[in-house]
Amino acid sequence: MSTTPSTPEQPGGPAGIEEMPAAVPADLQDERLIASRGVRGAVSVFTSRLRSGDLGSLPVVVGLIIIWGVFQSLNSEFLSARNLVNLALQSAAVGTIAIGIVLVLLLGEIDLSIGSVSGLAAAIMGVTLTSRHWPLSAAVIAAILTGTVIGLAYGVIFTRFGVPSFVITLAGLLGILGLQLYVLGKEGSLNIAFTSALVEFAQQQFLAPAVAYGLVVLTAVAYLVSRLRSRARRAAAGLSTTPAWMLAVHVVALALVLAVAVLVLNQDRGVPYMFVLFLVLVVLMDLAIRRTGWGRSVMAVGGNVEAARRAGINVRFIYLSVFALCSTFAALGGILAAGRLAAVNQSSGGGDTNLNAIAAAVIGGTSLFGGRGSAYSALLGIIVIQSISSGLSLLNLDSSIRFMVTGAVLLLAVTIDSLSRRSRVAHGRA
Amino acid sequence: MTVTSPVATDTVLSMQGVSKRFGAVQALKDIELDVCAGEVVALVGDNGAGKSTLVKTIAGVYSPDEGDMTFDGRPVRVSSPAEAQHLGIATVFQDLALCDNLDVVGNLFLGRELRHHRALDEVEMERQSWQLLRQLSAKIPSVRIPVASLSGGQRQTVAIARSLLGEPKVVMLDEPTAALGVAQTAEVLNLVERLRERGLGVILISHNMADVMAVADRVAVLRLGRNNGVFDVSQTTSQDIIAAITGATSNPVSERAARRTSEESS
């Protein structure tokens with residue numbers, strides 16, 4: 001096999017938009033690469049990826065469409081603007097917790113105590129706010145820092161003593177629930193005033209239509225600019241670039257999805273502030289995972305701890321930071337949930353919070369085996385779970401059915417994860 | 001085979017009288033080893049001869065009980081793998097230590113990612129990856145596929161390329177051709193020659209005599225933790241080396257070879 005003689009640094013040059021650059025980009029010179037150009041090429045790359053088990057977020061998107069279709073046919077209220085706004089409101093709190101779960105899953109670890117941590121954070125905020133009359137900001141910060149401290153403690157126990165995270169956080173699940181009950185004291189239930197800024201934020205604040213559309217345009221433009229910039233840098237470095245038409249398709253698709261969502265939600269109350277906060281957190285974590293050295297280290301530790309350690313990555317710090325972030329997100333989720341309920345009680349963070357958050361991350365496509373996944377799985381997964389929950393309650397089915405259906409969906413998601421993992425290994429995409 | 005390399009004159013790494021004990025076991029005793037720039041030294045020996053111990057001593061995993069090490073003309077003591085890397089001694093261990101879920105670029109730059117405005121500079125890392133792989137004439141079809149999808153030889157190539165990013169002076173390869181196919185072995189041997197052309201000192205551990213004879217300039221034989229001769233590949237046969245490895249001119253390998261030739265001739 002002889003490679004064509006070529007200097008490694010040919011400036012590919014932005015030679016026109018649709019036509020191929022005169023020199024073959026540095027990353028496309030190997031003759032074994034299956035050339036795939038144009039629309040047909042893109043489609044064939046996509047299908048071959050799917051066949052080999054690199055499913056990405058496709059199963060969850062397909063699943064979501066099926067779920068929405070089924071519920072809509074059973075009850076025409078389901079896809080109404082009103083119900084979708086409720087869905088967005090319900091998703092934000094547990095979705096925020098699920099972001100943290102995505103992070104620990106990327107390391108191949110687990111945190112079972114997120115429900116308890118969210119309950120404790122809500123309790124601390126509620127007690128300091130109502131009994132101690134702290135200002136809201138101080139109460140919220142205290143509650144969030146409590147989460148951070150708990151996560152750091154997990155991280156220290158994990159890295160110093162090597163106790164499996166499953167056991168540490170199982171102990172945390174019980175211990176922190178106890179702490180929550182202790183903090184709440186005898187009353188066991190606290191109401192947060194409806195005039196509180198937190199409750200208003202979580203229940204009654206929606207983006208004005210003009211602002212919402214403005215944000216859509218801004219997001220699309222920001223996305224376009226960042227893509228164009230990286231495209232220009234790649235061209236300058238003599239590497240292959242995304243064809244302009246594909247870039248346009250991506251930007252238009254993004255803008256369209258966002259615009260339709262805003263359009264529908266605006267028929268009712270609008271886009272909830274709380275949901276926007278959740279979306280911003282998802283995007284920030286996605287950037288942190290994909291674009292920073294820290295995120296690369298997290299993926300490396302999740303893929304092969306020993307390799308990461310030998311590459312000079314501070315593995316301890318990565319574990320510590322991820323456990324701390326996970327508990328911090330759990331605390332924040334607990335506060336948002338308390339705001340939405342306008343109350344804190346002994347069952348805050350109890351019930352299905354824990355498992356819904358974990359299930360959301362897994363259903364969204366983050367692997368339980370570590371090293372694969374994205375922050376967006378928290379968003380997609382929580383929408384699936386809340387859709388099931390909301391659809392079943394619209395049908396007046398009680399929670400027994402809801403648990404069973406959610407359980408079945410979770411099992412299905414994990415089965416798809418395991419199968420696609422096996423297929424990826426066979427097709428060399430693990 | 002001509003092994004006269006123009007730069008193979010100055011000794012870059014030299015070990016004198018190195019000894020290492022593990023409890024009652026004398027793993028290494030008075031080992032001498034010299035590696036010049038632009039030279040491939042094969043380190044051979046039977047199982048338990050002390051090859052791995054010697055490599056780990058050089059790499060800073062073990063510290064020797066006795067003996068001196070000279071690197072680049074200066075006496076040095078290496079007490080940790082990081083220190084060895086800092087000096088310019090890169091080691092590619094047998095298990096390669098790659099992250100299967102990351103792509104080639106991610107693995108090459110793992111732990112020393114390039115930044116651009118505090119974010120990862122994927123473009124520059126990809127460009128440098130191609131540059132490095134081209135210099136090594138490495139056959140990697142794409143640097144944006146997970147390492148899991150590469151063949152054994154390609155994975156070895158990635159691991160070796162990664163060790164070169166730190167601009168080392170000496171590269172140690174622990175059984176780089178074990179578990180590789182014929183073509184892949186040839187690819188890795190080409191790569192070793194490419195390292196020599198770059199003026200690096202290469203220490204190659206191998207059980208495979210054919211590989212050793214094909215690529216090494218000198219062969220250092222260890223036997224039961226001691227030096228058992230250093231051979232110039234151009235003036236020796238694999239028979240002599242096997243004799244030194246096993247410690248006898250009459251050994252199972254030569255007996256078997258003799259039997260086969262006598263059977264063929266009869």
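**Two helices, then two chains**

Q: How does α4(A) pass α5(A), in a left-handed or right-handed crossing?
A: α4(A) passes α5(A) in a right-handed crossing. Right-handed means the near helix is turned clockwise from the far one by less than a right angle. Helices here are DSSP runs (H or I, at least four residues), numbered from the N terminus. This is a predicted model, where local features need pLDDT of at least 70, side-chain atom pairs count only at pLDDT 80 or more, and totals for chains, interfaces and linings use all residues. Residues are numbered from 1 along each chain as its sequence is written, and chains are lettered from A and ligands numbered from 1 in the order in which they are written.

Q: Which residues of α4(A) make the contact?
A: V117(A), L120(A), A121(A), I124(A), M125(A), T128(A) and L129(A). Contact means C-beta atoms, placed from the backbone, within 7 Å.

Q: And on α5(A), which ones?
A: Among them are L136(A), A139(A), V140(A) and I150(A).

Q: New topic. How many residues of chain A are in contact with chain B?
A: 33 residues of chain A, with 28 residues of chain B.

Q: Which element gives the largest share of the chain A side?
A: α11(A), with 5 residues.

Q: Now chain B. How many helices and strands are there?
A: Chain B has 9 helices and 12 strands. Strands are E runs of at least two residues.

Q: What does its C-alpha trace span?
A: Along its principal axes, the trace of chain B spans about 70 × 50 × 40 Å.

Q: How many of its contacts join residues at least 24 apart?
A: In chain B, 67% of contacts between residues at least 6 apart in sequence do.

Terms used. Two residues are in contact if their C-beta atoms, placed from the backbone, lie within 7 Å.
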